[in-house]
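Welcome to this short tour. Please take a moment to look over the sequence and the 3D structure before reading on.

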Amino acid sequence: MKAWPCLVLASLLAPTTGGAQAPPGKSDRLTGDRRAELQEMVDEMDASRADRYRQVEVGNAALALLKETPDEDLEAALTARLGEALYNVDRFAEALVHLERGSDLSRKLGEENLLLQCLGNIALTAHLMGDSERTLRVGQECLALAEKLDQPSSIWRIGSILGAEHGRLGEYEEALGYYSMSLGVATAIGDGDGTSSLLNNICVIHTQYGKYDEALEFIEMSRDVLDSLEDPIGKATVLVNRGSLFLAMEDPDNALGCFREALRLEEELGSESGIAVCHRHIGRLHLETGEFELALEHLGRALELEEKLELHPEIATTLGLMAETYAALDRGEEALDAVEQGRDLAEALDIKMERLGISWSLSKTREVLGDFEGALAAYKEASRLASEKKGLEYQDAFAKFEAEFDLGRKEQELEILRRKNELRALEVEHQRLARNSTIVGALLVAVVALLGWNRFLVKRRALSELGQTHEQLRGANTELVTRTAELEGALAEIHVLKGLLPICAHCKSIRDESGGWHVLEEFLSGHTQLSFSHGICPECLEMHYSRGVTQ
């Protein structure tokens, strides 16, 4: 549910133009020109309130210029103003550094009004960042100073933030005490806005503790005050908180009516931040009633405006709600993406309550997605942050979550689930190995079959080649036999004469083995297959027949 104390406190503690000027006669280091230049920059910061980033730019430039010729009076005013400007652009850690410096200088210079402003802004920033120890310590110092200076407006506003911090810590009586004290002061000075704001915040405390009748009584009182003031902005805020109260009372119809009326007022006023708040609450309502598409539509509109206005804490909250909605629509990747963006933003801002809220959204998202182990881890983180901050607004939700989630049983189930997953993993591995073994066996059979087939082909090819060789050999053998026969026939016809033949030196007759003499032609014809024909050589012709031839 939306509370007002931080919003009202920021309005109270914004330094005035007069508060930013250095006291006359206290500065002797700055020349008149330099002092005038710096004072112009301070005045420009006042004039640039609508442009938060311009305020930061001018403030940093002025401090850089001041370092050249230090002047504690002007530095105190500038650091206080720059701290507020940094707070307005959600740079909380940097804001605290400058606000602490401003408070130290103000305390040293005895500037109690400026010190009050610095302390109030420190308490405000620490509250928003979830730093309870600093919020309470600085807030109490600021309250004491406001009482000393007799500034009732500061008293009720600082009391309001102390009440908000005690409420966050679950300290109901202390929170109610500060709110009641602040309500008395605001009423006494006739501050209608303050009265309405405090009635609203008391309603919030009662709602957190489930005291819905008391909460409804105070929210109606707040609305009556605002009706008399004719303050449309305040009316819209009360309507949003009234709708949240109805939603907590499980009356979504009346809650939706309040949210829609608040949205109508904010649209008439043209307040984009207020419109974003209304859309976010309507989206949350549709999420809780199971109308997820409508929830996503309104949350998307809220996120668009928050990003445009750079409302970083609100962006983190909306992203968490969108994550839960995406998860309910079974859009797991978008759900996890949204919740991770929200968590990164909350951690960057270092706001513990935003981190708590986004951890809660993460646990719900993972639960819807069936990741009970992730849901449990996120829930434990949210529970740890809540125990540190005693986040009362989450205690009922945690109790409901533990009841629905049955935390002890779920942890046992998760352990069983882990073991089942391990067994399932082993079974899957076994099946994989079995499949692999089957595949390997089939491959081996295939290899053996291929090898056998290959051997068969090789053998068949070898046999075929052997048959061809055999046929070739048979042909060659046949040819050889034929050739041999031919050669043997030829050989049979050849008569070889060996040894010494006795031949007559005169008539050339040859003697045979028995001692008989034979004419050469007769002997050779008898021992070989030779046949002779007779002729006459030229020499013999000349020798024996020359006379007759001549004639």
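## Terms and ground rules

For packed helices, an axis is a line fitted to C-alpha atoms over the stretch in contact, and angles run from 0 to 180 degrees between N-to-C directions. Helices (H or I, at least four residues) and strands (E, at least two) are DSSP runs, numbered from the N terminus.

This is a predicted model, in which local features need pLDDT of at least 70, side-chain atom pairs count only at pLDDT 80 or more, and totals for chains, interfaces and linings use all residues. Residues are numbered from 1 along each chain as its sequence is written, and side-chain values use heavy atoms, with hydrogens and water left out.

## The chain as a whole

The protein chain holds 23 helices and two strands. Of its 551 residues, 42% count as buried; buried means under 20% relative accessible area, exposed means over 50%, and partly exposed lies in between (1.4 Å probe, protein chains only).

Contact here means heavy atoms within 4.5 Å. Among the contacts in the protein chain with a separation of 6 or more, 61% are between residues 24 or more positions apart.

## Two nonpolar cores

A nonpolar core is a set of buried Ala, Val, Leu, Ile, Met, Phe, Trp, Tyr and Cys residues joined through side-chain atoms within 4.5 Å. The largest one has 61 residues, and Leu38, Leu78 and Ile158 touch the most other members. Helix 9 (residues 172-188) gives this core its largest share, eight residues. Apart from it lies another core, of 21 residues, including Leu299, Ala335, Ala338 and Ala346.

## Helix 4 against helix 5

Two packed helices are described by the angle between their axes and the distance between the axes. How far apart are the axes of helix 4 (residues 72-88) and helix 5 (residues 92-109), and at what angle do these helices pack? The axes are 7 Å apart, and the angle is about 150°. Helix 4 is therefore roughly antiparallel to helix 5, since angles over 145 degrees count as roughly antiparallel, those under 35 as roughly parallel, 65 to 115 as roughly perpendicular and the rest as oblique. The crossing of helix 4 with helix 5 is left-handed, that is, the near helix is turned anticlockwise from the far one by less than a right angle (clockwise would be right-handed).

On the helix 4 side, the residues that meet helix 5 include Ala76, Thr79, Leu82, Gly83 and Leu86. Their partners in helix 5 include Ala95, Leu99, Gly102, Leu105 and Ser106. The residues of this contact of helix 4 with helix 5 divide into ten nonpolar, five polar and seven charged. In this sorting, Ala, Val, Leu, Ile, Met, Phe, Trp, Tyr, Cys and Pro count as nonpolar, Asp, Glu, Lys and Arg as charged, and the others, Gly among them, as polar.

Leaving aside neighbours within four places in sequence, Ser106 is in contact with Ala76, Glu111, Leu114, Leu115 and Cys118.

## Helix 8 against helix 9

Helix 8 (residues 152-168) and helix 9 have axes that come within 8 Å and cross at roughly 160°, so helix 8 and helix 9 are roughly antiparallel to each other. Helix 8 passes helix 9 in a left-handed crossing.

Among the residues that meet here are Ile155, Trp156, Gly159 and Leu162 in helix 8, with Tyr178, Met181, Ser182 and Val185 in helix 9. This contact of helix 8 with helix 9 divides into eleven nonpolar residues, six polar and one charged.

Ala248 lies in helix 12 (residues 232-248), while Tyr212 is in helix 11 (residues 212-229). Ala248 and Tyr212 are 36 residues apart in sequence and 8.3 Å apart in space, C-alpha to C-alpha. Ala248 is partly exposed, at 32% relative accessible area, and Tyr212 is partly exposed too, at 25%. Beyond neighbours within four places in sequence, Tyr212 is in contact with Thr207, Leu245, Ala248 and Met249.

## Two positive phi angles

Most residues other than glycine have a negative phi. Glu250, not a glycine, has a positive phi of about 60°. Glu250 lies in the loop between helix 12 and helix 13 (252-269) and counts as exposed at 70% relative accessibility.

Lys508 also has a positive phi, of about 65°, although it is not a glycine. Its place is the loop between helix 21 (407-493) and strand 1 (510-511), and Lys508 is partly exposed, with a relative accessible area of 43%.
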